[in-house]
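Try each task on your own before reading its solution.

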Amino acid sequence: MAATKKTSRLDLPGQVEACVSRHLRSGDRLRVALSGGVDSVVLLSLLAKITPRFPFELSALHVHHGLNPRADEWAEHCSVLCRKLNVSLEIAHVKVARKSAEGLEASARKARYAALTKPGVEVLALAHHLDDQAETVLFQLLRGGEPRALAAMPEARMLGGIKLLRPLLNVPKSALYAHARRYRLEWVEDDSNLDTSLSRNALRYDILPVLEKHFPDYRERLAGVAKRMAEVAGLLENLAGQDKQAHALNELNCAELKSMPETRARNLFAHFLRDQGVPLPGPAHLREMLRQLLEARTRLEISLGHGRRLVRNKGKAWVE
């Protein structure tokens with residue numbers, strides 16, 4: 001009952017308007033990632049309403065993956081919506097590698113973000129909401145994620161030359177459905193989101209409803225964890241920035257690294273790998289890599305995947 005009251009009091013247009021005021025500059029071009037689902041439909045409709053009061057240029061982009069039999073139907077739905085809202089729409093057809101080593105879901109996500117973040121705008125608006133944030137924190141926790149992963153999604157961050165903006169990040173999914181029904185908005189449903197053989201969907205449909213039964217405010221609590229972990233990640237990044245001053249650019253001095261406390265050395269090592277564009281391995285694998293690196297007495301090479309390797313030779317370490 002309390003959750004229903006909270007949702008009914010939520011000023012959804014005000015939340016979006018406040019976010020836009022914080023992050024957009026006069027003349028910015030704002031692109032909305034429009035899937036056709038309820039989240040992005042609500043976001044686009046709200047942004048279209050406030051556009052006359054803000055000097056930004058609004059457009060939408062729908063990514064057509066071609067993976068679902070209803071993909072053409074979803075694209076047409078987005079076209080109809082944008083015509084109603086008088087918003088320019090681009091439909092981007094992408095090719096997804098179905099047999100990628102990283103998996104179909106990850107491959108589709110990679111293709112989607114490549115299309116959404118292409119040049120031409122200053123800001124890309126994404127429709128992630130409070131439920132997504134809580135789900136991401138718990139998912140990363142179950143995967144043993146480090147603080148940066150547990151920080152989940154920020155309201156705004158830069159990706160290349162484009163600012164990613166999430167105006168709905170503090171809004172529960174229930175409020176989006178309520179808004180859509182109130183204003184008779186239409187949206188599409190992606191049936192692949194119901195496939196609980198996918199771990200993310202299993203978490204959403206099998207685990208989180210049970211969690212909510214005992215912890216009704218789990219969304220707010222987990223979102224709070226994300227904010228605190230973002231602070232921790234920032235402190236660790238600052239510490240690594242101080243520590244790497246004792247090392248050459250794109251290189252680690254192994255003797256210097258070995259002289260540091262293990263946790264501090266591991267933090268510097270993790271940030272070094274990330275700076276080199278290397279996906280961070282799990283905690284146990286990272287510890288083992290660092291152990292091998294510091295104990296090696298001869299030339300050492302550790303495969304990092306994708307044709308890259310970590311090399312130690314003559315007391316120095318680098319990535320090739």
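**Exercise 1. Find the strands that pair with E6, and say in which sense each pair runs.**

Step 1. Begin with strand E4 (residues 123-125), which pairs with strand E6 (residues 162-165) in the parallel sense over three bridges. Strands here are DSSP runs of E with at least two residues, helices are runs of H or I with at least four, and both are numbered from the N terminus. Two strands count as paired if DSSP finds at least two bridges between them.

Step 2. Pick out a bridge: Leu124 has Leu164 as its partner in E6.

Step 3. Now take strand E5 (residues 156-159), which runs antiparallel to E6 and is joined to E6 by four bridges. Here Leu159 has Ile162 of E6 as its bridge partner.

Step 4. Look at the turn: two residues lie between the strands in the hairpin of E5 and E6, and Gly160 takes a positive phi near 65°.

Before going on, a note on the model: it is predicted, local features need pLDDT of at least 70, side-chain atom pairs count only at pLDDT 80 or more, and totals for chains, interfaces and linings use all residues. Residues are numbered from 1 along each chain as its sequence is written, and side-chain values use heavy atoms, with hydrogens and water left out.

**Exercise 2. Work out the strand order of the open four-stranded sheet, and say which strands stand at its edges.**

Step 1. The order is E7-E10-E9-E8, with antiparallel pairing. Strand E7 (252-253) and E8 are the edge strands; each has a single partner strand, so one side of each is left without a neighbour in the sheet.

Step 2. Follow the pairing of strand E8 (residues 300-305) with strand E9 (residues 308-313), which is antiparallel over five bridges. Glu301 has Val311 as its bridge partner in E9, while Ile302 stands opposite Leu310 in E9.

Step 3. Continue to strand E10 (residues 316-319), which pairs with E9 in the antiparallel sense over four bridges. Val311 has Trp318 as its bridge partner in E10.

Step 4. Check the turns. The hairpin of E8 and E9 has two residues between the strands, and His306 has a positive phi near 55°. The hairpin of E9 and E10 also has two residues between the strands, with Lys314 at a positive phi near 55°.

Step 5. Helix H12 (residues 262-275) lies across E7, E9 and E10 and runs at about 40° to E10. Helix H13 (residues 283-295) packs on the sheet and touches E8, E9 and E10, its direction making about 155° with that of E8. Axes are lines fitted to C-alpha atoms, for helices over the stretch in contact, and angles between N-to-C directions run from 0 to 180 degrees; contact means heavy atoms within 4.5 Å.

**Exercise 3. Describe how helices H3 and H8 cross, and which residues make the contact.**

Step 1. The axes of helix H3 (residues 38-50) and helix H8 (residues 173-182) come within 10 Å and cross at roughly 65°.

Step 2. On the H3 side, the contact is made by Val38, Asp39, Val42, Ser45 and Leu46. On the H8 side, Lys173, Leu176, Tyr177, His179 and Ala180 take part.

Step 3. Sort the contact by class: six residues are nonpolar, two polar and two charged. In this sorting, Ala, Val, Leu, Ile, Met, Phe, Trp, Tyr, Cys and Pro are nonpolar, Asp, Glu, Lys and Arg are charged, and the others, Gly among them, are polar.

**Exercise 4. Is His64 buried or exposed? Are Asn86 and Arg184 buried or exposed?**

Step 1. His64 sits in strand E2 (residues 57-64). His64 counts as buried because its relative accessibility is 8%; the cut-offs are under 20% relative accessible area for buried and over 50% for exposed, with partly exposed in between (1.4 Å probe, protein chains only).

Step 2. List its contacts: His64 touches Ala71, Asp72, Ala75, Ile91, Ala92, His93 and Val94, leaving out residues up to four places away in sequence.

Step 3. Asn86 lies in the loop between helix H4 (71-85) and strand E3 (88-93). With 74% relative accessibility, Asn86 is exposed, and its phi is near 60°, a positive value in a residue other than glycine.

Step 4. Arg184 lies in the loop between H8 and helix H9 (199-214). Arg184 is exposed, at a relative accessible area of 76%, and has a positive phi of about 55° although it is not a glycine.
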